[in-house]
Amino acid sequence: MDQKPTPPSPNQMNQSEAAPLEVFHASGDSPVDDPLLCDLTEPQMRAVLHEQGALLVLAAAGSGKTRVITRRIAHLITTGVAPWSVLALTFTNKAAGEMRDRVHHLLDPEGSGKSRLVRGLTITTFHSLCARLLRRYVEQAQIPGLTGDYTIYNSDDQSSVIKRVLKRLDLNGSNWPPASVRAVISDAKNQLIDAETYQAQAGDFYSKNLARVYEAYQAELRKANAVDFDDLLMLTARMLLQHEHIRAECQNRWEYLLVDEYQDTNHAQFLLANLIAGEGSPNICVVGDPDQSIYGWRGADITNILDFEKSYTGARVITLGENFRSTEPILAAADRLIRNNQQRRHKDLFTTTPGGGAVQVVLCQNEQHESDIVVDWFKAFTETESPLAWKEMAVFYRTNALSRSIEDAFRASGVPYVIARGTSFYEREEIRHALAYLRITANETDDAAFRRIVNVPTRGLGATSITRIENYAHKNNLSTFRAMRSIGQVPGLTARAVNSAQRFVELIDDLSGGGTFMGEQISGSLADLVQRVIQSSGLEKMYADRARIGKAESDLERPDNLAELISSAAQFEQEYVPENDPSLDVPVAEGRAEPPPLLVMLRAYLESVSLVADADMVDPERGAVTLMTLHAAKGLEFPAVAMIGLEEGILPHFRSRERIAALEEERRLCFVGITRAQRHLLITSARYRTMRGVQERTIASPFVDEISGPGVTFSDQADEVVSSPRRSSSYSGQSDPALVEFPVGTVVRHPRFGIGQVTWTSAGENAKARVRFSSVGEKTLILEYARLVRVGS
DNA sequence: CAACGACGCTCGAAA
DNA sequence: AGCGTCGTTG
């Protein structure tokens, strides 16, 4: 505190904020009278009351971590700390939103919404904070190639750039898989190693080539005025490191820093927090649990939390060990499991509320059987005297691919379910196309967006013409769209291509008002803009036509999805408050025009879309069972949890076998899953599982043995129905598919595509057939035997 | 230049 | 089972 005079005033605009705050502190000094403190345990209270200096809260699963953070924020503010000097960082929007809601509720129980006690309080994700800091300071920091209208490239855009770069550098296919190149670049960025540094360190042939790719990749991004997810963190951290005045502004503004899930921070995030916290004895409070560190593979560095006391000497450490979430058998199972990790400081888990039913472990025959067992188990809870609602149940799995059989079984038995995949909506083809139009409207140098939509719908610009334009653009160091503006200069184009290119430029210019976002035809409404983009780009017509012709489910949904995108923009617009954080507003430099409000809003919208997390989609109010990966489950809790696929190679995943550290991370992942369960836990392992279309014999996960002990009930049902390993509840009225054969010419029915004729079948164990369906325009699809029913021959 | 079918490759968790 | 790429055809 001595480092930072109060009240800090980040800029002139905020002077008025420094006025004394109304404080409704509890009467008297006794914590028992204070509603913010009276129901806390002793260690929780110590964490909330801790005021100056660094604080590490080691919060075991279910120990009231969020409660401590929110109470601490509320307590700081009610005791006179200015809300705008508090910064809390989380990993997902959902976590941030929940924290914000709870703090607001504590400080402003009436919900007047205008409480000055929350004014300027910043609770956000690492990535959002970086996106905003970068936008605000990018001009001052003078990062070459980057301006305030930068685009955030997603994984697809990254892949597309990497593929092109690999091609250009003549690094061919199998030796240079784009995915692993991307991983190398991502790792480097998480370590704050830029392309130049990487090159300097590169010794062998392989890394020297990687350095070339990294450099070229980065150059492409900058040419497009784009950053990737890792850049958000790396560039912001480096900016704070290198620019003292920017660092000082942030340090002065944020006196109190809180970081949630600290065990999952990577080096860039560590440095970011460290730089914002500042020198001396900063008020940095981090909360986390080393036993729940599950993001090592994306650069999370568990030593950040293990060595916190070394980084911040004199830091206070408070351990929250009491579990308020799970029944005793669940907690005991979790404890037995995690004890097997060698690289770990043991922490006692204890609950003061003993009792509770046994943890069920069921060995099943195959994934269909497994799904049936899960369905039956859940259904039983709805039929008890005090039934559980669907929304109180969840299924966790290691990989997304495992959700399929569960989905089939839920659908077949009428159990409502939702999959927590936040990005799924934005990954649909039609939405990606619409967003690409919006992106190029906001930033015409966005080459990834350009490539996606330049010929969608087809407008006579094929691969050949585009390559010619791209070559010209590359030679002249232009973005491809800008090159198109001087299409006459591009050699070798047909008259038709020139014409199409000109019309495309006109289209985009119409949408953006030639980049000004001004003019009569451009309204101030974001939803209107999205609507116009979808219409005048031709996407609307293209997908309407396709829905009329095609009968595939996905084609029928596309027009609706586009309409949904307009609604989402309208909703964003409604909730959008340009000045919701005045102190982070971009100060407009002399002689520089302020960007038009619609453009500012469009940028904010695209940014929010880019930073959606899977976990953000978890919405218990939807009255359905939630399906999600173990990673997405972190931080959540459900009365009844089913964890499926506890098999060698799945959990632990086969790619984790070589390294002990990776295996221990798999064990922590399993631990995270178990500790999400409040009252009921089912764990399943299938003896046979179909992977890549082939049914394979499995081995039960070693974690099953490690969990076993008092309070865990085993049930081996793997041999119950010996004759029918492919028993399926999903498609009734069907004979045992294992015994069915579909010779070429057989007429079959498929639940989705209807009647078709078999044109080819795979031999033996690959139970697949190619079937031609008239219902989808005589297309031939490869399908599982299990989904087909013979109707004649 | 566009559309489509055949074929071959890969195959993890994510902001 | 899904995806990208290649080759053929319209």
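First, some ground rules. This is a predicted model, in which local features need pLDDT of at least 70, side-chain atom pairs count only at pLDDT 80 or more, and totals for chains, interfaces and linings use all residues. Residues are numbered from 1 along each chain as its sequence is written, chains are lettered from A and ligands numbered from 1 in the order in which they are written, and side-chain values use heavy atoms, leaving out hydrogens and water.

Let's start with a sheet. Strands of a sheet pair through backbone hydrogen bonds, either parallel or antiparallel. Here, six strands make an open sheet in the order E3-E2-E6-E7-E1-E8, with parallel pairing. Helices (H or I, at least four residues) and strands (E, at least two) are DSSP runs, numbered from the N terminus, and two strands pair if DSSP finds at least two bridges between them. At the edges you will find E3 (122–125) and E8 (316–320), each pairing on one side only. Look at E1 (residues 55–59) beside E8: five bridges join them in the parallel sense, and Ala-59 has Leu-320 of E8 as its bridge partner.

Helices accompany this sheet. H2 (residues 65–78) lies across E1, E2, E3, E6, E7 and E8, running at about 170 degrees to E6. H4 (residues 126–141) packs on the sheet too, touching E2, E3 and E6, and its direction makes about 105 degrees with that of E3. Contact means heavy atoms within 4.5 Å; axes are lines fitted to C-alpha atoms, for helices over the stretch in contact, and angles run from 0 to 180 degrees between N-to-C directions.

Further along, E17 (residues 688–691) and E18 (residues 694–697) pair in the antiparallel sense over four bridges. They form a hairpin with two residues between them, and Arg-692 in the turn has a positive phi of about 50 degrees.

Arg-692 leads us to the DNA: of the 25 residues around DNA strand B (a heavy atom within 4 Å), those that come nearest are Arg-398, Asn-400, Thr-464, Ser-465 and Arg-692.
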